[in-house]
Each structure stands twice: as structure tokens, then as C-alpha cells.
Amino acid sequence: METGICIIGAGPAGLMAAIHAARTDAPTTVVEANAKPGRKLLLTGGGRCNFTHAGPPEEIAQAFGKPGRFLRYCFHELPPQEIIEFFRARGLAGTVESDGCVFPVSDKAADVLNVLLHETQALGVQFRYDTPVTEVQVRDKGFTIHTEKEPIQATCVIIATGGVSWPQTGSTGDGYRFAAALGHTIVSPKPALVPLVTRERWVGDLAGISLPQVKIQTTVGKRRIAVAGAMLFTQHGIGGPAVLDLSRLLADELAQPKQDIAVQIDLASQPDEAELDRRFQEAAQTHPKRAVATVLGEFVPRQLAQVLCGIARCDGDLQAGQLKAKARRRLIALVKGLPLAITGTEPIAKATVTRGGVSTAEIEPQTMESRIRPGLFFAGEVIDVDGPCGGYNLQMCWSTGALAGRCAARLLLGDNPPMAS
């Protein structure tokens with residue numbers, strides 16, 4: 001078959017690229033290896049889909065660190081507010097939470113996907129599901145996309161295949177292979193936003209125990225790193241939003257760990273240590289016959305309180321009124337600074353996003369077009385960019401996808417966008 005624009009991948013970046021390409025009446029076909037679109041999108045935010053992060057484009061770009069310079073233009077072209085309005089105008093309002101995360105009011109990722117699919121259908125986008133791509137070849141005036149079913153001839157190709165995290169959703173790194181075969185440099189993939197593994201084994205006894213607000217600090221070389229947010233204990237270490245953000249900031253060090261990374265976790269970021277000590281003493285004086293672990297359980301989960309008592313060499317079953325001041329101070333200090341040794345990460349398959357991918361040095365940031373192969377574009381997680389938790393990475397998918405779709409359509413229709421200087 002023949003088409004003007006062939007988009008490989010029906011995830012958020014691919015679907016947004018299709019919408020913006022088809023708005024110009026450019027013939028657009030999306031090829032997807034899975035039997036259904038948006039499998040990873042349906043899992044985001046625990047199925048609620050944190051589909052963007054509220055804030056101005058510059059602030060969103062800054063959250064990505066150095067890669068933010070590459071993304072700045074596309075975030076200005078399609079900022080978070082326009083994404084919120086895109087869904088609202090199609091019947092799906094968004095709710096902005098106190099931390100800036102934006103969820104659909106329905107709390108259903110499926111509703112986000114349905115809006116995208118309805119829009120692509122209305123614009124006449126063609127879909128080829130259950131059609132794995134095997135190779136992308138350059139031909140005269142375009143590309144041949146070889147699939148397990150039939151070859152597709154296209155003038156422009158947008159690779160939006162994602163990374164290698166959550167491979168059960170179809171993110172198997174095929175896009176890296178296609179890009180490399182077409183001359184692109186692939187930055188070695190590594191996990192970002194991934195649970196961390198600790199040397200301490202006792203954490204497994206607390207697997208599933210969560211804390212709504214912690215602060216985690218560490219120092220690596222000359223870098224002092226601090227993150228805050230929810231955390232939970234896992235079978236092999238720690239996870240949750242705060243830990244995922246920490247893993248991203250330590251991704252390069254954790255990819256080839258030379259030694260353990262020492263972190264300190266404030267398990268009760270409010271109040272401060274002195275105030276926590278005062279409150280603990282007050283509770284102990286009010287209920288002197290209660291067990292120490294029970295009193296501590298007013299400030300942290302009860303099961304965690306028992307473990308902390310053991311680490312602090314304090315009998316958790318001791319009556320609170322009999323607790324010595326020195327033991328109490330050890331216990332409070334532990335709540336405000338639990339030390340853990342990070343030995344590595346869970347496998348990349350368990351990471352929320354992938355760090356690495358197609359080098360941004362070989363992609364034009366004002367178009368998302370390859371600087372090596374004219375007519376070849378990239379969108380989404382296949383590119384070597386990754387942001388923190390909180391809707392940033394989906395915003396990146398929307399913005400890069402929209403820009404790639406628009407610019408591929410302009411190229412196809414002869415209305416070339418300006419190149420960056």
C-alpha cells in the first residue's frame with residue numbers, strides 16, 4: 001500500500017502525530033505491532049493517566065534538565081494548557097492536583113485513549129494493527145516500511161515506537177533498530193523512573209507499606225540531591241514517586257554502580273526533628289502504658305514503627321513511659337534520617353520510562369526531523385529525553401508528536417517549515 005505519512009507506533013506520541021498530520025489532509029497511516037493501540041498509555045498513573053503537568057512551557061522544559069533545551073521549542077508549540085484544552089473541548093475535562101499533576105476527571109486512562117482514537121477516526125487516519133514492522137528502507141522519494149504482512153510505501157516516516165521499559169506493552173526497542181539502520185546514533189538505554197534495590201534485606205518485610213510524604217537526600221560526588229513525595233517499600237528495596245524521581249537523577253551512576261549509594265530518608269518530613277520529639281514525648285506521657293511501637297505508629301505506619309524500633313535497638317513492646325531519653329532520641333533521629341544503601345535498580349523492564357535512545361544531536365528540534373535522513377521524523381520516548389514523574393513524559397510525547405506530525409505534513413505538501421539556525 002501507499003501513504004503520504006507512515007507513523008510507526010500507536011502510543012501517545014504516534015497518535016498525536018497522526019492527529020496533527022491528518023489535520024492538513026495529508027494521507028496518514030499508523031502501523032502498530034499490537035492488536036490494540038495505547039497499551040502503555042492505559043497503564044500510566046495506575047490506570048488514572050496523569051496526562052500532563054500544569055505549568056508554562058519554560059518550566060516544563062527546565063524539569064527535563066539538559067534535554068530541556070532540545071524540547072523547549074516543541075513545548076512552546078504545544079504547551080500543557082493546550083493539551084488540557086484539547087481534551088476538554090472533546091468532552092474530557094482535566095483536574096489539576098495540588099502538585100501540578102493533571103488527571104482526567106473520570107480518573108480513567110481509557111477515556112484519554114478514546115478521545116485520541118475518536119479524533120484520528122474523524123480525521124480519516126488509517127490504522128494497521130497487529131502489523132509488526134521488520135525494517136525501514138530508504139527509496140527514491142521516500143521510504144519502504146516492511147512489515148510482517150505487506151510493504152508500505154511512504155514519503156515521510158515518523159518513528160514513535162517508545163523505549164524498552166514495560167516491554168509487555170510492546171515497547172521492545174524496535175525503533176532503535178530502525179533508526180540505527182538509517183544511520184542514527186543510539187544512546188545506550190538505561191532505566192529511568194525505576195524502583196531502587198537496597199542492600200538492606202529487611203525492607204522486604206515491609207513490602208507494600210507506603211508513606212504519603214517523605215524526603216530523600218544523598219550526595220554523589222559534588223552533587224547534593226534531594227527529592228520529596230510518596231514512597232513505598234518493595235520486595236527488594238523502595239519505590240513510589242519520590243524514589244522514581246531519585247532514580248532518574250542517579251540513572252547514570254546506577255547504570256554502572258561502582259559502590260553503594262548512601263541515602264537518608266526523612267520518613268515524616270513534617271514536623272521537624274525537635275517538634276517530632278516533643279509530640280512523641282507528649283503522646284508517651286498521655287499513654288505511658290502503651291508500647292513504644294504503638295506510640296511511634298502515630299507518626300509512621302505501625303509495621304514500620306516496629307522495624308524502626310529494632311534498628312534503633314529499642315524494645316518496641318516496652319511501655320512508652322519507661323523509654324529512656326537516649327533511646328527515644330535514637331528512635332526519633334531514625335525517623336528523620338533512615339539510612340539505606342542503594343545497590344542498583346530493578347530491571348529496565350520495570351522502569352516507567354527509558355533513558356537513552358535516538359541522539360538529540362541528530363534531530364532538528366524545530367521539526368523533529370532527522371538531520372541525517374530527510375523525511376524521517378521521531379516522536380516520544382524513542383528519543384533520548386526523559387523527565388520526572390508527574391505528567392512530564394506524556395507532555396513530551398504530545399508535544400514531540402504534534403510537532404513531528406505537523407512538520408511531516410508540511411514537508412509532504414511542499415510547505416517546508418523553517419530550519420533552526
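Which strand does β3 pair with, and over how many bridges? Strand β5 (residues 101-104) is the partner, in the antiparallel sense, over two bridges.

## Basis of the model

This is a predicted model: local features need pLDDT of at least 70, side-chain atom pairs count only at pLDDT 80 or more, and totals for chains, interfaces and linings use all residues. Residues are numbered from 1 along each chain as its sequence is written, and side-chain values use heavy atoms, with hydrogens and water left out.

## A three-stranded sheet

β3, β5 and β4 form an open sheet in the order β3-β5-β4, with antiparallel pairing. β3 (52-53) and β4 (94-96) are the edge strands; each has a single partner strand, so one side of each lacks a neighbour in the sheet. His53 has Cys101 of β5 as its bridge partner.

Two strands pair if DSSP finds at least two bridges between them. Helices (H or I, at least four residues) and strands (E, at least two) are DSSP runs, numbered from the N terminus.

## Helix α4 and the cores

Helix α4 (residues 80-88) has the buried residues Pro80, Ile83, Ile84, Phe86 and Phe87. They cover an arc of only 155° around the axis, which puts them on the same side of α4. The arc is that of the directions from the helix axis to the C-beta atoms. Buried means under 20% relative accessible area, exposed over 50%, and partly exposed in between (1.4 Å probe, protein chains only). The buried residues of α4 pack against α1 (12-22), β3, α2 (57-63), β5, α5 (109-122) and α13 (392-413).

The largest nonpolar core has 78 residues. Phe51, Phe87 and Trp398 have the most contacts inside it. Helix α13 gives the largest share of this core, eleven residues. A second, separate core holds 49 residues, including Ile225, Leu304, Ala327 and Leu331. A nonpolar core is a set of buried Ala, Val, Leu, Ile, Met, Phe, Trp, Tyr and Cys residues joined through side-chain atoms within 4.5 Å.

Trp398 touches Pro12, Met16, Leu41, Phe51, Leu78, Ile83, Phe87, Val112 and Leu116, not counting residues up to four places away in sequence. Contact means heavy atoms within 4.5 Å.

## A buried aspartate

Asp277 is found in helix α9 (residues 273-286). Asp277 is buried, at 14% relative accessible area. Arg328 and Ile332 touch Asp277, not counting residues up to four places away in sequence.

## Salt bridges

The structure holds 23 salt bridges. Each is a side-chain nitrogen of Lys or Arg within 4 Å of a carboxyl oxygen of Asp or Glu.

Asp107 bridges to Arg48, with the closest N and O atoms 3.1 Å apart. Asp107 lies in the loop between β5 and α5, and Arg48 in the loop between β2 (28-31) and β3, so the pair ties together parts 59 residues apart in sequence. Asp107 is partly exposed at 35% relative accessibility; Arg48 is partly exposed at 27%.

Asp252 forms a salt bridge with Arg355, the closest N and O atoms being 3.7 Å apart. Asp252 sits in helix α8 (residues 251-255) and Arg355 in strand β17 (residues 353-358), so this pair ties together parts 103 residues apart in sequence. Asp252 is partly exposed, at 45%, whereas Arg355 is buried, at 16%. Both belong to a network of salt bridges linking Lys190, Arg248, Asp252, Arg355 and Asp386.
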